[in-house]
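My entries follow in the order in which I worked.

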Amino acid sequence: RIRLKEDKLSDANELLTKAEEMDKGKIREQSFQRAEALLEGTPDMVGKAKVILYSLRDADDEDPRPNIYLGEYYVKQSVRELAYEELEKAITKKPDYVPAYVYLAELKYEDGLESKKAEDFNKGLEYANKAIELDAQYAAAYRIRAELYLLAKRNEKARNDMQKYVSETQGDLNDRDRNASFLYLS
């Protein structure tokens, strides 16, 4: 995955091929990691990720993770309706699966930025609130809720959520920079 992010395609291909040969689809976690890396790659690689994810989804109809990654796949393919469908399936499988709510909140936030419709932002806020209700320590939920509050000009709540996000991520340097920018904007 790192090699793909660095645009070192041949290195990435070599490592992914080696991982596939070692795994042969037997170790579920390795298959997830391979699919996650492939989603960062070329269109052909992204297609391979889809095959792996469908296989993982079919092999265990109770695990919501393939649906999350398939949601990401569909976002990359610009088929947001199917992304929403996959994320809703993840919640159906496991109603307390916080990453699905956070991803839905992020998608609604992005939709709202494009549509400028309050209903998108409100739905995103609803998903973020549900994620926080389920797991008050899940940092990403605070980050997206802070972004939504900022757009709603609820600056104090936005600042509080961003500070909670930074504290939950142990003050990572990138997160502190993001917080500083956020404080400036709010």
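This is a predicted model: local features need pLDDT of at least 70, side-chain atom pairs count only at pLDDT 80 or more; totals for chains, interfaces and linings use all residues.

**Entry 1: the end of α10**

For the element names I kept to DSSP runs numbered from the N terminus, where helices are H or I runs of at least four residues and strands are E runs of at least two. I then checked the length of α10: it has 14 residues and reaches 20 Å from its first C-alpha to its last, close to the 20 Å expected at 1.5 Å a residue (the expected span being 1.5 Å times one less than the number of residues).

Next I looked up burial, taking buried as under 20% relative accessible area, exposed as over 50% and partly exposed as in between, with a 1.4 Å probe and protein chains only. In α10 the buried residues are A158, D161, M162, Y165 and V166. Seen down the axis of α10, these buried residues fall within an arc of 140°, so they line one face of the helix; the arc is that of the directions from the helix axis to the C-beta atoms.

I picked out D161, which lies in α10 (residues 155-168), and found that it counts as buried because its relative accessibility is 5%. Leaving aside neighbours within four places in sequence, D161 is in contact (heavy atoms within 4.5 Å) with Y142, R145, A146 and Y149.

**Entry 2: helix α4**

I asked myself how far apart the end C-alpha atoms of helix α4 are. They are 24 Å apart, which agrees with the 24 Å that the 17 residues of α4 (residues 43-59) should span at 1.5 Å a residue.

In α4 I found M45, V46, A49, I52, L53, L56 and R57 buried. Down the axis of α4 the buried residues fall within an arc of 135°, so here too they line one face of the helix. On the other side of α4, the exposed residues are P43, D44, V51, D58 and A59. The buried residues of α4 pack against α1 (2-5), α2 (9-23), α3 (28-38), α5 (65-76) and α6 (80-93).

R57 counts as buried because its relative accessibility is 16%. Apart from neighbours within four places in sequence, R57 is in contact with P66, N67, L70, E86, K89 and K93.

I looked up the axes of α3 and α4, which come within 8 Å and cross at roughly 150°; here axes are lines fitted to C-alpha atoms, for helices over the stretch in contact, and angles run from 0 to 180 degrees between N-to-C directions. That makes α3 roughly antiparallel to α4, given that angles under 35 degrees count as roughly parallel, over 145 as roughly antiparallel, 65 to 115 as roughly perpendicular and the rest as oblique. The contact is made by R28, S31, F32, R34, A35 and L38 of α3 and by M45, V46, K48, A49, I52, L53, L56 and A59 of α4.

From this contact I followed S31 of α3, which counts as buried at 4% relative accessibility.

For the other pair, the axes of α4 and α5 come within 9 Å and cross at roughly 155°, and the two helices are therefore roughly antiparallel to each other. I recorded that the contact is made by V46, K50, L53, Y54, L56 and R57 of α4 and by P66, N67, Y69, L70, Y73 and Y74 of α5.

**Entry 3: positive phi in two loops**

Finally I looked at S78, which has a positive phi of about 60° although it is not a glycine. S78 sits in the loop between α5 and α6 and is exposed, with a relative accessible area of 63%. K116 likewise is not a glycine, yet has a positive phi of about 65°. I found K116 in the loop between α7 (98-115) and α8 (118-134), where it counts as exposed at 65% relative accessibility.

How values were computed:
Residues are numbered from 1 along each chain as its sequence is written. Side-chain values use heavy atoms; hydrogens and water are left out.
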